[in-house]
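Visitor: I would like to go through this model with a few questions on its strands and helices.

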Amino acid sequence: MRQQALDMVHELARRDSRVVFIGSDLGPGVLEAMRQEFPDRFFMEGVSEANIIGMAAGLAMDGYIPYVNTIATFLTRRCYEQLAIDLCLHNLPVRLISNGGGMVYAPLGPTHLATEDLAIVRALPNMSVVAPADETEMIRMMGASLDLPGPLYIRVGKGNEPVVTGHIPGFTFGKAVELRSGRDVVLISTGAQTGQTLKAADLLAETGVDAGLLHLPTVKPLDRDAVLSAAVGTALLVSVEEHTLIGGLGSAVADLLADAGVLKPLLRLGLPDAYPTGYGSQEYLLGQAGLLPAQIAAQVQERLAILS
Amino acid sequence: MTALDERSRYLRGLIIDALEGGGRGHVGSALSLVEIVRILYDEVLRVRPDEPQWPDRDRFILSKGHGCLGLYVMLADKGFFPREELLRQCKAGALLGGHPETHIPGVEASTGALGHGLNIGIGMALAARMQKRPSRVFVVLGDGELNEGSVWEGLMCAAKHKLSNLVVMVDSNKMQSYGRVEEVMDLGPLPVKFAAFGCAVREVDGHDVQALRDVFAGLPVDGEKPTAIICHTVKGKGISFCENDATWHHKASFKAELAAKMRAALETI
């Protein structure tokens, strides 16, 4: 997914002379083809996220559209004030390509796990937040990103996620995608977790539960109409996210329901308020948090049983 | 000690008016940078008050945003906005707040959180070069602001890109909020540090208008390097009882009697 995002930066640079790329201290050879073709619009500025965000802001103030890339934790926690002031207060079209949202860097431990990124960037005025489900959606989103006003946070999965949105044409910021209709329960997910959640919906179907799946590639602004109409048509909403339960997708959905005055059971599945322990794989840590398809399905069935 | 001429006293008088009108404000840090912004706006910056977004303009960023009264009086004097706005600063519905924001004509970047302006200025300087514009970028930092690591990240970046169209000025008044810089966080020899980070360095008495003129006339100092100008200044300059006194960093309740006392002190220079 990251590769597709970066390839699209190069493609966008060909299409539009305003596009520049800024990396921190990425792996050798990253976007080498773009560096060769557009040396003046390729920057690799070292381990200095605060400077990079400020520099991107200055470039954007004078007409450029910077695409900035580094690891999610460093692109959020490390330079949060720069995101807030340099980008969001000035409302500048800077795009943050954030590697490793969630548990992607499982073997590297909690310093590299971006488990609260959606919450903290979502809290910033003017910031749009997306988490594509797969590489096809990443490509479509990037293609649509050029003229989006204001800053954009792009959560990037590990890569090689199952393609679940390949049949969807185009990409519209702020619009949900119904991947499966169902009346007994509607699952709501974002990012790479949508692939896992679709499998959970299949497992539920095998047990006779008619499970819908609403994929929200845009976490902010949330598709209010899609979430409310899903809530009206089902007995249970379930949010699923590879993110702390504080402030992410599930919180956004709960806020939306509360503000709309819609009383609907909502089961929120995500990461606990704790730093993950143990290393292993992304899948291992997701299993620890109960976010693998069979675990999701089981928790949904348990909640449905309580409700009935 | 550098004597202040009539224009410098006039601009300080406007600062006192703004403090009195708004009833609050950062005092010492505005008074220390008056001559820096005065010479820039009077003689150096290529800007158009009636066309603030003119693409080829020079950019000025007051990174030490809390010194904003020193900038506001200059922008008002140049006609970027009506002078009466100074008297409403910080009031509900006012154009001017306690830190500069980009909705104010002539303000290029919203600052106030320290350690942001240089980095934004680097992006602007790169943009000017890429777009083949003659624009130069001037950034004023406080010496307390130099505590922020982002400043040093930025200096490395500016040097790497050989941004000779970037001028970094330090309003080095040797004081920060709590007290003396050398006691709170000793910065050591600034010219040596800036040179080591890749800048062409000049030092100047930041209240000596002729010395400032001379330094600006020599820009860029090195066609391959950003310029750093260490401006030696006095916090609270021009009002004897404000000078070098940390309690004059900020006044949250600024009464008319205080304004009268400051005006009297200014008159006696």
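Guide: The expected span of a helix is 1.5 Å times one less than its number of residues. Keep in mind that this is a predicted model.

Visitor: What span does helix 5 of chain B reach from its first C-alpha to its last?
Guide: Helix 5 of chain B covers residues 117-130, which makes 14 residues. At 1.5 Å a residue, 20 Å is expected. The computed distance is close to that, at 20 Å.

Visitor: How many residues of helix 5 of chain B are buried?
Guide: Buried means under 20% relative accessible area. Residues of the helix below that cut-off include B:G117, B:I122 and B:A128. Helix 5 of chain B is mostly covered, and of its 14 residues the buried ones number 12.

Visitor: Which residue with positive phi follows helix 5 of chain B?
Guide: The phi value in question is near 55 degrees. The residue that has it is B:K132.

Visitor: Why is strand 4 of chain A largely enclosed by the rest of the structure?
Guide: In a regular strand the side chains alternate between the two faces of the sheet. On one side of strand 4 of chain A, A:R95, A:I97 and A:N99 are buried, and on the other A:L96 and A:S98 are buried. The strand is largely enclosed because its buried residues number five of the five.

Visitor: Which residue of strand 6 of chain A is the bridge partner of A:R95?
Guide: Strand 4 of chain A pairs in the parallel sense with strand 3 over five bridges, and there A:Y67 stands opposite A:R95. Strand 4 also runs parallel to strand 6 of chain A, joined by five bridges. In strand 6, the partner of A:R95 is A:L152.

Technical notes: Residues numbered from 1 in each chain as written. Chains lettered and ligands numbered in written order. Predicted model: local features only at pLDDT ≥ 70, side-chain atom pairs only at ≥ 80, totals over all residues. Heavy atoms only, no water. Buried < 20%, exposed > 50% of the residue type's maximum accessible area, 1.4 Å probe, protein only. Helix = DSSP H or I, 4+ residues; strand = E, 2+ residues; numbered from the N terminus. Pairing = 2+ DSSP bridges.
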